Amino acid sequence: MNYQPFYIGKQFRIVAPDTPPEEERIDIIMARGAFGSGEHETTASCIELMEGLDLTGKTFLDLGSGTAILAIAAAKLGAVDGLCIDIEQDAVASGRTNCELNGIGDRVAHHCGTLANVGAEGFDFILANIYGDILLDVCTDLVAKVKPGGWLLLSGILWEYNFDVRQSYQRGGCELIRNRMLDEFSTVLLKKNNSGKP
């Protein structure tokens, strides 16, 4: 099913396959799929905040990647060597398809599983647009997987979880950069301390 193109942030346009390009915008091509084709406020918020980061040459992890829209945006902003993880096999297949549609299939790997299935390597940038209670559960492990000085962009956080999530990650060794309250959810941008320690 096709849909009308729509805009996110200052740079991006979300389009169906075979939509004619628009010179002023970077297109993200999305086959209609699982949760996260770009209409949700948390997806838009993450992309808007990503536009303000220098992701050139950065490695990244997208936890709960869904359709991989955030991974695609990161790659189109210059990030490389991405890893998408989702617990739903259908979402993994959707993400792989969308990355291929956007010409970045060789720069992003896809796995069905959880954070426990991710190796010990450190990432420059971590995306996690998942529920606040899950972000609390994985806090220690997620912070451990971002390099000192690296970014964590967390969303999908209902207002009532916002304070606890912020406090947990700050206690874990991260500096709060942005706390963005949306209609129902919130987005938190953090930077891991250069020392890598709380």
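This is a predicted model: local features need pLDDT of at least 70, side-chain atom pairs count only at pLDDT 80 or more; totals for chains, interfaces and linings use all residues.
Arg13 is buried, its relative accessible area being 5%. Four salt bridges are present in the structure.

- The side chain of Arg13 meets that of Glu22 in a salt bridge, with an N to O distance of 3.7 Å.
- Glu22 has a relative accessibility of 23% and therefore counts as partly exposed, whereas Arg13, at 5%, is buried because the cut-off for that class is under 20%.
- A network of salt bridges links Arg13, Glu22 and Asp27.

**The salt bridge between Arg180 and Glu48**

- Arg180 and Glu48 form a salt bridge in which the closest N and O atoms are 2.8 Å apart.
- This pair joins distant parts of the chain: Arg180 belongs to strand E9 (residues 174-181) and Glu48 to helix H1, and the two are 132 residues apart.
- Arg180 is partly exposed, with a relative accessibility of 23%.
- Glu48 is likewise classed as partly exposed, and its relative accessibility is 31%.

**The salt bridge between Asp124 and Lys147**

- In the salt bridge of Asp124 with Lys147, 3.5 Å separates the closest N and O atoms.
- Asp124 counts as buried because its relative accessibility is 17%, under the 20% cut-off.
- Lys147 has a relative accessibility of 35% and is therefore partly exposed.

**Helix H1: burial**

- Helix H1, which spans residues 41-50, is mostly covered, with eight of its 10 residues buried.
- The buried residues of H1 are Thr42, Thr43, Ala44, Ser45, Cys46, Ile47, Leu49 and Met50.
- Glu48, the H1 residue that pairs with Arg180, is partly exposed.

**Helix H1: packing against helix H2**

- Two packed helices are described by the angle between their axes and the distance between the axes.
- The axis of H1 comes within 10 Å of the axis of helix H2 (residues 69-76), and the two cross at roughly 15°.
- H1 is therefore roughly parallel to H2, because angles under 35 degrees fall into that class.
- The crossing of the two helices, H1 and H2, is right-handed.
- On the H1 side, the contact is made by Thr43, Cys46, Ile47 and Met50; on the H2 side, the residues are Ile69, Leu70, Ala73 and Ala74.
- Seven of the residues in the contact of H1 with H2 are nonpolar and one is polar, while none is charged.
- Thr43, Cys46, Ile47 and Met50, which contribute to this contact, are among the buried residues of H1.

- Gly82 lies in strand E5, which covers residues 80-86.
- Gly82 has a relative accessible area of 6% and is therefore buried.
- Leaving aside residues up to four places away in sequence, Gly82 touches Phe60, Arg107, Val108 and Ala109.
- Gly82 and Arg166 are 84 residues apart along the chain, and a distance of 25 Å separates their C-alpha atoms.

Notes. Residues are numbered from 1 along each chain as its sequence is written. Side-chain values use heavy atoms; hydrogens and water are left out. Buried means under 20% relative accessible area, exposed over 50%, partly exposed in between (1.4 Å probe, protein chains only). Helices (H or I, at least four residues) and strands (E, at least two) are DSSP runs, numbered from the N terminus. Axes are lines fitted to C-alpha atoms, for helices over the stretch in contact, and angles run from 0 to 180 degrees between N-to-C directions. Angles under 35 degrees count as roughly parallel, over 145 as roughly antiparallel, 65 to 115 as roughly perpendicular and the rest as oblique. A crossing is left-handed if the near helix is turned anticlockwise from the far one by less than a right angle, and right-handed if clockwise. Contact means heavy atoms within 4.5 Å. Ala, Val, Leu, Ile, Met, Phe, Trp, Tyr, Cys and Pro count as nonpolar, Asp, Glu, Lys and Arg as charged, and the others, Gly among them, as polar.
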